[in-house]
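Visitor: I'm new to this one. Could you pick a single part and take me through it slowly?

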Amino acid sequence: MTRTWLLPSHLVEAARTGALDGAEGPRPRRTARDWVVDTCLFLLAAFVGLLAAETSAQYNSEAVALADQIAGGLACVALWLRRRWPVGLAVTLSVFSAVAPTAGGALLASLFSVAVRRPFRQVAWIGLLAIAASTVQVFVRPDPDTGVPLGIGLSAVLILLVTAWGMLVRSRRRLVEALRDRALRAEAEAELRAEQAQRAAREAIAREMHDVLAHRLTLLSVHAGALEFRPDAPPEQIARAAGVIRDSAHEALQDLRQIIGVLRSPGEGAEDRPQPTLATLDTLVAEVREAGMKVVLDSTVTDPDTVPVATGRTVYRIAQEALTNARKHAPGAEVTVTVRGRPGDGLTVDVRNPAPVGPVPHVPGSGQGLIGLTERATLAGGRLDHGPAPDGGFALHAWLPWPA
């Protein structure tokens, strides 16, 4: 849970609405942190006012001392308006402090608020006004303990220090807002890239399903045509051809159900190429080994041809992408590909590799292939999990349905 009470109110409001600093809108409500800061500034201004009132009581009449105390109290109470009217309050207190030394603490607090909430141009002329007012105060209400030059110098230094502190706080807040906006944009871009990768995976799956479906329909048409031209064939051949037609129609229906909802890329024709299946997994492993990669294939599926073509093709693509990732991110490591399953229980694929030896350069665009594999497994009715292994390597686990 985010502890928003520890943040300034304008940061909480900006995080909630996405508004930038200084944007027009209703004033946000104070957080617990704001109340603590306002109370501390009020007490600090009151303490400074009490010190000035004590000095005034020593060197002025009772009436003047009482007037200074009342003026200091009103100035401290006015500080609770510094978030609503920072500029107007600072200007008023600057003029007020020229004749009331007890308002000096409240003036410094209001200058800090202006420096935090307003640009440098406004801060500069208000600071100059405050310095001018403090200079007038030295002559109108001189302090016998300090001379004129020292009084003017101390007032100017205090005003400059408070103003610089407020500007530093403003710069830090704007930096935090800039970093927050950058993080939000990075998250939006990452989500967009993930959506694009999912869309590309869906399009690729749609093209492959189209090719497989066309193959099954062609096979069905050939056997149906054979029955049409050989009506006098033996009953055994007719029954066998009818069984092939029935199985092909059932598998074509399964493929058609999978392709519904998957968009096909416009303007691209289906290429006449054979589709990989589980039976071609050995060929993939052999090709990878010839390229110099260490791969161990452990499969308990004795008859890969009995696996549904769509499921076998998904297993092939998962193994292919996992081997590609291992080659990029763990070069030289031995990869283990494990395939288990039987009809009715489903088919599991596990690909593991140990941690790479030595530094591995960063590969741009990493992670998009895993997003596509997850989408492919989900569309096939299964699931896919991946992540770091306890030994520092990487593990991928997928489960796909294998009907009885």
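Guide: Let's look at helix H6 and the helices that pack on it. Helices H4 and H6 are roughly parallel to each other, because the angle between them is about 15 degrees and anything under 35 degrees counts as roughly parallel. Bear in mind that this is a predicted model. H4 covers residues 86–97 and H6 covers residues 120–140, and their axes lie 8 Å apart. The crossing of these two is left-handed.

Now for the residues that touch. On the H4 side you'll find Val87, Ala90, Val91, Ser94 and Ser97. They meet Gln122, Trp125, Ile126, Leu129, Ala130, Ala133 and Gln137 on H6. Sorted by class, that contact comes to eight nonpolar residues, four polar ones and no charged ones.

H6 has a meeting with helix H5 as well, which spans residues 104–117. Here the axes come within 10 Å and cross at roughly 165 degrees. An angle over 145 degrees counts as roughly antiparallel, so that is how H5 and H6 run relative to each other. H5 also passes H6 in a left-handed crossing. From H5, the residues Leu107, Leu111, Val114 and Ala115 reach Val123, Ile126 and Ala130 in H6. This contact holds seven nonpolar residues, with no polar and no charged ones.

How values were computed. Residues numbered from 1 in each chain as written. Predicted model: local features only at pLDDT ≥ 70, side-chain atom pairs only at ≥ 80, totals over all residues. Heavy atoms only, no water. Axes fitted to C-alpha atoms, helices over the stretch in contact; angles between N-to-C directions. Helix = DSSP H or I, 4+ residues; strand = E, 2+ residues; numbered from the N terminus. Parallel < 35°, antiparallel > 145°, perpendicular 65-115°, else oblique. Left-handed = near helix turned anticlockwise from the far one by under 90°. Contact = heavy atoms within 4.5 Å. Nonpolar A, V, L, I, M, F, W, Y, C, P; charged D, E, K, R; others polar.
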